Amino acid sequence: MATSPVRFGLVGFGAWGQHHAQSIADDPGAELVAITAPSAASRAEAARLHPRARIFADHRAMLAGATLDLVDVVTPSHTHLEIARDALHAGCHLLLEKPMALRVEDCREIIALAAQRGRQLAVGHELRLSAQWGEIKRVIDRGVIGEPQYVLVELSRKPYRLGASGWRYDQKRVGSWVLEEPIHFFDLARWYLSGAGDPVELYAYGKSRDPQRPELYDHFSAMFRYGNGAYAVVSQTLAAFEHHQTVKVAGTKGAVWAGWSGAADRTLQPTFFLKVFADEKLEDVRFVQQSGEVFELRAQIARCVQMVRGEARPAADGRDGLWSAGLCLLAEESIRQGRPLPVGEMLA
Ligand SMILES: NC(=O)c1ccc[n+]([C@@H]2O[C@H](COP(=O)([O-])OP(=O)(O)OC[C@H]3O[C@@H](n4cnc5c(N)ncnc54)[C@H](OP(=O)(O)O)[C@@H]3O)[C@@H](O)[C@H]2O)c1
């Protein structure tokens with residue numbers, strides 16, 4: 001008997017939401033049943049590009065009017081909590097874009113509600129599903145480089161887009177710029193170092209280029225360390241050009257160096273590489289699949305289909321979302337206080 005498609009309701013049809021919509025529409029296991037966007041212009045575009053989807057102006061109307069298995073939330077970050085709450089109360093599974101919420105207590109509320117309602121919760125850390133960044137995790141898990149002791153995740157890129165009605169340059173709505181992109185790198189580094197337990201201490205620096213928005217850092221670096229002495233460095237500048245990301249991992253028996261470059265983050269023709277050094281041999285890993293967030297998003301939608309069918313766990317779950325948001329918020333606090341801070345029980 002054929003399995004019926006997983007019914008997706010998408011909330012948010014902006015720059016990234018449009019990619020979600022296309023990835024859902026292209027997935028043979030998914031059906032894009034409904035799309036919510038507040039502005040008439042976005043609704044018209046959604047209707048043009050996805051004529052079979054029902055279009056709503058408000059997510060509550062969508063939840064009341066459409067039969068959905070999963071709600072995919074791709075809206076400005078300050079709206080995630082409310083939409084997640086409503087979707088879970090309506091009995092839907094969730095794919096919640098990062099940051100899952102702007103405060104640790106809000107992440108906890110979403111996790112608790114998902115558990116109470118017996119619904120699955122996936123958070124949009126799609127880099128875990130990357131052919132390239134995921135291969136680093138597999139190299140670590142196979143023991144090729146021994147015990148990882150040092151992780152660097154670094155990005156230099158052009159400035160952020162404004163976002164619908166400028167939300168990304170408004171601290172109340174974006175939360176912080178650390179919660180925008182470095183949050184992915186906290187997630188990756190923590191994933192690579194998961195054998196070391198939980199981080200114990202974090203120290204961060206940040207610098208804004210614009211005196212009108214001193215709290216939104218164009219340059220940001222953080223270090224966090226583990227009980228066994230292993231540590232990670234997460235670093236980003238938005239004052240550069242194009243999109244260039246580096247990951248380096250060194251372990252007790254070897255090391256990994258990976259790079260990704262594109263004219264922009266969503267290019268379909270990136271250049272990328274992964275080198276693995278172990279036993280005095282240097283290997284250039286060959287890839288069949290492309291690496292990049294557009295490709296990883298497709299894998300994330302496919303994973304969500306499996307998740308709803310009970311065939312797979314989310315690539316990043318609520319606890320991962322809480323940890324990555326929590327580390328970002330702690331980094332902000334470390335910058336404010338000008339000192340290293342214990343990770344403590346806040347995130348345990
Ligand atoms: N995982 C990743 O790699 C990744 C990449 C990019 C973004 N993101 C995350 O995805 C989210 C959206 O980012 P974006 O770049 O797509 O932003 P965007 O281009 O500004 O789009 C936001 C969309 O949300 C809609 N919206 C605003 N308030 C809403 C509400 N209350 N209810 C329903 N829809 C609402 C906007 O509607 P109108 O168009 O009608 O104004 C717009 O369609 C953010 O949380 C961001 O951090 C994640």
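## Working through a predicted model

In strand E9, Phe220 is the bridge partner of Gly206. Keep in mind that this is a predicted model. Let's work through some exercises.

**Exercise 1.** Work out which strands pair with E8, and in which sense.

*Solution.* E8 covers residues 199-207 and E9 covers residues 219-226; the two pair in the antiparallel sense over 8 bridges.

**Exercise 2.** Find the buried residues of helix H4 and say what they pack against.

*Solution.* H4 runs over residues 80-89, and its buried residues are His80, Leu81, Ile83, Ala84, Ala87 and Leu88. Now see what lies around them. They pack against strands E1 (6-11), E4 (70-73) and E5 (93-96), and against helices H3 (59-65) and H5 (104-117). While you're there, step just past the end of H4: Gly91 takes a positive phi of about 90°.

**Exercise 3.** Decide how H5 is oriented relative to H4, and then relative to H10.

*Solution.* Two packed helices are described by the angle between their axes and the distance between the axes. Take H4 and H5: they pack at about 10°, with axes 10 Å apart. Angles under 35 degrees count as roughly parallel, so H4 is roughly parallel to H5. On the H4 side the contact uses Leu81, Ala84, Arg85 and Leu88, and on the H5 side Asp106, Ile110, Leu113, Ala114 and Arg117. Sorted by class, that's 6 nonpolar, no polar and 3 charged residues.

Now for H5 and H10 (residues 318-337). Their axes come within 9 Å and cross at roughly 175°. Angles over 145 degrees count as roughly antiparallel, so H5 is roughly antiparallel to H10. Among the contact residues are Ile110 and Ala114 of H5, and Leu322 and Ala325 of H10. The contact as a whole has 8 nonpolar, 3 polar and 2 charged residues.

**Exercise 4.** Describe how the two domains meet, and which element gives the most on the domain 1 side.

*Solution.* First set the bounds: domain 1 is 6-126 + 297-316, and domain 2 is 129-291 + 324-346. Their C-alpha centres lie 25 Å apart. The contact takes 19 residues from each domain. On the domain 1 side, the elements giving two or more residues are H5 and helix H9 (293-308). H9 gives the most, with 3 residues. Finally, sort that side by class: 11 nonpolar, 5 polar and 3 charged.

Terms used
Residues are numbered from 1 along each chain as its sequence is written. This is a predicted model: local features need pLDDT of at least 70, side-chain atom pairs count only at pLDDT 80 or more; totals for chains, interfaces and linings use all residues. Two strands pair if DSSP finds at least two bridges between them. Helices (H or I, at least four residues) and strands (E, at least two) are DSSP runs, numbered from the N terminus. A residue is buried if 20 or more other C-beta atoms lie within 10 Å of its own, exposed if 12 or fewer, and partly exposed in between; C-beta atoms are placed from the backbone. Two residues are in contact if their C-beta atoms, placed from the backbone, lie within 7 Å. Axes are lines fitted to C-alpha atoms, for helices over the stretch in contact, and angles run from 0 to 180 degrees between N-to-C directions. Angles under 35 degrees count as roughly parallel, over 145 as roughly antiparallel, 65 to 115 as roughly perpendicular and the rest as oblique. Ala, Val, Leu, Ile, Met, Phe, Trp, Tyr, Cys and Pro count as nonpolar, Asp, Glu, Lys and Arg as charged, and the others, Gly among them, as polar. Domain bounds come from an automatic or database domain assignment.
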